[in-house]
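Hi,

Here is the structure I promised to pass on.

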Amino acid sequence: MVRFHLGLDDLASACFACSPLQEAVLSLRMWTHPVHYPTQLPWFRRLRDAFTGLDPAHTRLLHCLIASNRWLPDFLTPRPASPWPDIQEELAALRATPPHRVPGDLERAYLPHDGAVPGPLRHGLHSPEHLLADIADALEAYWASCLAPAWWPRARSLLEADIAHRARTLAAGGADALFTDIDPQLRWDHGTLTIACERAPSAPEGVAIDGRGLVLSPTLFAQGAITAIDPEQAPLIIYPARGHGLMAECQAPARVHRSLQRLLGSPRARLLLLLAEPASTTELAHRIGVTPSAVSQHLSVLHQARLTRRVRHGRNVLYSRTPLGDQLCDGTSD
């Protein structure tokens, strides 16, 4: 259990951020502990050939980054520098990790449960700078070959939708409603945020924010809220993204009722069914196998007919059904 003590300024500076590097690193749990993330299994079965096709040196290194209890070294997930950092910027930050941090982070991740640092990492400790470069190279290859082409557009839409929902919750109910809604393991009480999670033996139980800020980050690879504490950085709380179960549904094409298809045409009917949860143009294009420009044209028609709404989130626009769109889909269901 960890308790964060937040003043009014600390609470005001708390922010949400989504890190592609964090998701890439945490997704390695799918190759070591897949049973814990059943909603991701359809995707990662499809990604297996791409993963096994990586350089063998990269796959060996990637496999050993996750400890037997699913812990990982803190330096692999640097705090996001912006709400939506670029993966290349994050990899550059990983490569620039102060080398003196590496041995301690490895020991804290592996020794409590495994009793030793894995061989490929232990052998790299004679030159932490080269080990960091090797890890970053392996993660970059993994991202480019396995995650970026189709998995990340879908995942990003779900993460964006989560943050949009949290913003509405905060506006409507304040901090207590926000933290209660994020995860059952979080509790807010008079300036103290308590997270009920296993902590490293060296981690303090009580943490004063002291103006460092607090970063809240949704993920698709956690079963409950977890935290990372560094005296020089903002505390980070990683929590399960709302709607992560929808990842399991993205492999099956939406079933379109004939009456809806006759009314809207097949592409628009499929899009409307897919928009039960917010999604971006890029993700929708991947899911129905057409170009983003074609999806954009169909969405424009659906929006003009007041069947969809759109909300800008950073550089992206998320689309979802309006109540009228919901009624139309429900009214044509079998």
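This is a predicted model: local features need pLDDT of at least 70, side-chain atom pairs count only at pLDDT 80 or more; totals for chains, interfaces and linings use all residues.

**Sheet and helix packing**

Strands β3 and β4 (residues 192–195) pair in the antiparallel sense, over 4 bridges; two strands count as paired if DSSP finds at least two bridges between them. Helices (H or I, at least four residues) and strands (E, at least two) are DSSP runs, numbered from the N terminus.

Residues are numbered from 1 along each chain as its sequence is written, and side-chain values use heavy atoms, with hydrogens and water left out.

Back to the sheet: it is open, with 4 strands in the order β3-β4-β1-β5 and mixed pairing. β3 (186–189) and β5 (206–208) are the edge strands, each pairing on one side only.

Now the helices. α6 (residues 87–95) and α9 (residues 128–147) have axes that come within 9 Å and cross at roughly 160 degrees. Axes here are lines fitted to C-alpha atoms, for helices over the stretch in contact, with angles from 0 to 180 degrees between N-to-C directions. The two are therefore roughly antiparallel (angles over 145 degrees). On the α6 side, the contact (heavy atoms within 4.5 Å) is made by I87, Q88, L91, L94 and R95; α9 brings several residues, including L132, I135 and W143.

Cheers

Technical notes: Angles under 35 degrees count as roughly parallel, over 145 as roughly antiparallel, 65 to 115 as roughly perpendicular and the rest as oblique.
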